[in-house]
Amino acid sequence: MLRKADYSAPVFVAAALGLFFIGGLLTTVVPPLMDKSWAKPFENSDAAKGVTGKLQPYTEQQLQGRAIYVREGCWYCHTQQTRTLLADTKRSGWRGVDAPISTPDEFVYDSPHLFGTKRTGPDLSRVGGKYDEQWHKAHFRNPRDLVPGSIMPPFPWIANNETEFQALVAYMQTLGRAKNWRPDNDYEK
Amino acid sequence: MQSEATIRRAGEIPVSAAARYNESIHQDTTARLFLASSITYFFIVGIVALVIAAKFVWPQLMGTIPMLTYGRLRPLHVNGMLFGWLLAADMGLMYYVVPRLCGVRLWSEKLGIATAALWNVIILGAVVTLLLGVNQGLEYAELPLPLDVLVVVAWVMFGANIFMTVATRKYTQMYVTIWYCLGTILWTAFVYLTGNFATLFSTGVNQANLNWMYVHNAVGLIFTPVGLAIAYYFIPKTSNNPLHSHKLSMIGFWSLAFVYVWTGAHHMIHGPISQWLQTISIVFSVMLLIPVWAVVYNFFATMRGQWQQLRDNVPLKFLMTGVVFYLLTCFQGPMHSLRSVNAIVSKTDWIPGHAHMAVLGAFSFFAIAGAYYVVPRICKTRLYSDALANWSFWLFLIGGVGFFVTLWLGGFWQGWQWNNPAIPFIDTVIALEPVWLVRFFSGILMFGGIVTFAYNILATMLGPKGNQSQAALATA
């Protein structure tokens, strides 16, 4: 049958698009219809059902910080997903407490999504509340002052611009906080 | 001049049609413009590539200049290489190849020239916006909306020209290269719209899923089919051998059309996306072996008994090495999607090793071979220097293999360390420093390849005309 497509461009076009659209539609349009957690913000107040918390929409300032994160390409070096791997939950964890796995309902307000593909630096999905403002300021000014051997670039133009710096830190502190996973509310500001 | 019939199996094309064919009908201005500009970008973006490789070793380098920070140069490198160099070079070659396979001249040379001009506007716009930090935050889709719209316009102009050329063809049967070229045009339209427009109406995991559908298919349904279109034309052409099997090429093409688009979610394996979707993407990723092996077997079988030609036929060297890289990279891909392997290599430096083997090792090698073959012919002269061309091959090959292999070893080791949470993250960074140093030096070799290639091609384009007879002697 496909031999016809050797001679007739219309037959060719119909076959090439037909085959493409089967997989195209089934893997892009159908999944969000089937898995509602992609669009429903995380919310749980029942400790028996697991970690509690509620996903909040971003504030103006946090959105500005997010835009800086996008502009400077932080997401080329940092992922934002604690995967279903033991090592991920340990590495994102804190003082012996394993971090919860990332779930789709934590990212409903994210656009652009910043899951990332490369970990040149550590995953940031649970970094919210890990460091205080002072730490971030010194780190952006020159990462190697705090972490010898780091290859993170310096960002003096952020550290020296108070509005931008505050916005970026405000955003960083939201990361992973929909789930209130640390015991005793032990988060840095 | 070889007839177009040599690339088909004996008897599949009416001899009379081949005999009536006259090479001098082609003007090739569009092909020339696309090739010249894409090769220039190859060189410029190659410098950017070296800078970002250097930043892994010397992170302070240019560190106080916002425009030259890693996070702005990396998208410039990726977009510049993909759209400024590779896709533009592929388009230039299609403007050359398709009219010849149809036995007619390009439908509209004027439209082609306008397309080339628009493409250059887009690339220059991309350079400026990316350096300024204007970035949509989605991989491969960094360019702002107005430039996306221009890309769509340029793509329609390109598609219309090619489709009209095919519609007015003299040879009734369409050779494999034409299928792949038409497929690229159709699929790219939808893949690009998904990645650059549909993503704007979605958030979170839904958006990520559309984004990965685009990213994966930018490689699988843009660079792969147009790259194979080139290989299917130039392997038989430069070796003067008919293609081994029409049936195999059909299996390869139609299975590619069906299988590729399902695999986008394999970028999120173990990540926050539905398990069943991950499993589907894994199953189809493994099925990718079918189109790949069908195509590669066909190419190898075409070369049967002719391998000695590799000794001094530079375009053929690039082509067949590219085929080997294609085979390897498309073996890695399905393997990475397996959950156990993915748990080690995902997000590590292994992945750029893999990606560069596809886009540089396979598809750029095909495009380079095409340029070496085509440019002397459209300039009606001979290549500026055969020796230099051979140098470019070895520089690319040694630099490329050095790059791929060090990143695989380094990336695997890195993934291994990450899976042991007792090792602090920073130690896994420091451990990779030697790897990044070797990668930088491999990059210098590859850049040497770019320089020798670009110089050779531009010198051929700008040099004296009319060495055609010598060129014919040299290929005889």
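A salt bridge is a side-chain nitrogen of Lys or Arg within 4 Å of a carboxyl oxygen of Asp or Glu. Side chains of opposite charge can pair when their charged atoms come close. Keep that in mind as we set off.

Before you click, note that this is a predicted model, in which local features need pLDDT of at least 70 and side-chain atom pairs count only at pLDDT 80 or more, while totals for chains, interfaces and linings use all residues. Residues are numbered from 1 along each chain as its sequence is written, chains are lettered from A and ligands numbered from 1 in the order in which they are written, and side-chain values use heavy atoms, with hydrogens and water left out.

**Stop 1: where the chains meet**

Colour chain A and chain B separately. Here 83 residues of chain B touch 72 residues of chain A, where contact means heavy atoms within 4.5 Å. Buried area is the accessible area (1.4 Å probe) that two parts lose on being put together, summed over both. Between chain B and chain A it is about 6,700 Å², and carbon and sulfur atoms give 67% of it. Now select Trp254(B), Pro272(B) and Lys347(B): in chain B these lose the most area to chain A, together 11% of what that side buries.

How many salt bridges are there between chain B and chain A? The count is 2. To see a salt bridge that joins the chains, show the side chains of Lys118(A) and Asp349(B), with N to O at 3.3 Å.

**Stop 2: a salt bridge inside chain A**

Over all chains, the count comes to 16 salt bridges. Select Arg119(A) and Asp88(A), whose closest N and O atoms are 3.0 Å apart. Arg119(A) lies in the loop between α4 (86-91) and α5 (133-141) of chain A and Asp88(A) in helix α4 of chain A, so the pair ties together parts that are 31 residues apart in sequence. (Helices are DSSP runs of H or I, at least four residues, numbered from the N terminus.)

Stay in that loop between α4 and α5 of chain A to find Pro112(A). A cis peptide bond links Ser111(A) to Pro112(A), with omega about -5°.

**Stop 3: α7 and its partners in chain B**

Select residues 204-239 of chain B, helix α7, together with residues 314-337, helix α11: they pack at about 135°, with axes 10 Å apart. Axes are lines fitted to C-alpha atoms, for helices over the stretch in contact, and angles run from 0 to 180 degrees between N-to-C directions. α7(B) and α11(B) are therefore oblique to each other; angles under 35 degrees count as roughly parallel, over 145 as roughly antiparallel, 65 to 115 as roughly perpendicular and the rest as oblique. Among the residues that meet are Phe234(B) in α7(B) and Met320(B) in α11(B).

Is α10(B) roughly parallel or oblique to α7(B)? The angle is about 15°, with axes 11 Å apart, and the two are therefore roughly parallel. Show Tyr232(B) in α7(B) and Phe299(B) in α10(B), which are among the residues that meet.

**Stop 4: α3 and α13 in chain B**

Finish with helix α3 (residues 70-102) and helix α13 (residues 350-378) of chain B, packed at about 40° with axes 10 Å apart. That angle makes α3(B) oblique to α13(B). Residues making the contact include Trp85(B) of α3(B) and Phe363(B) of α13(B).
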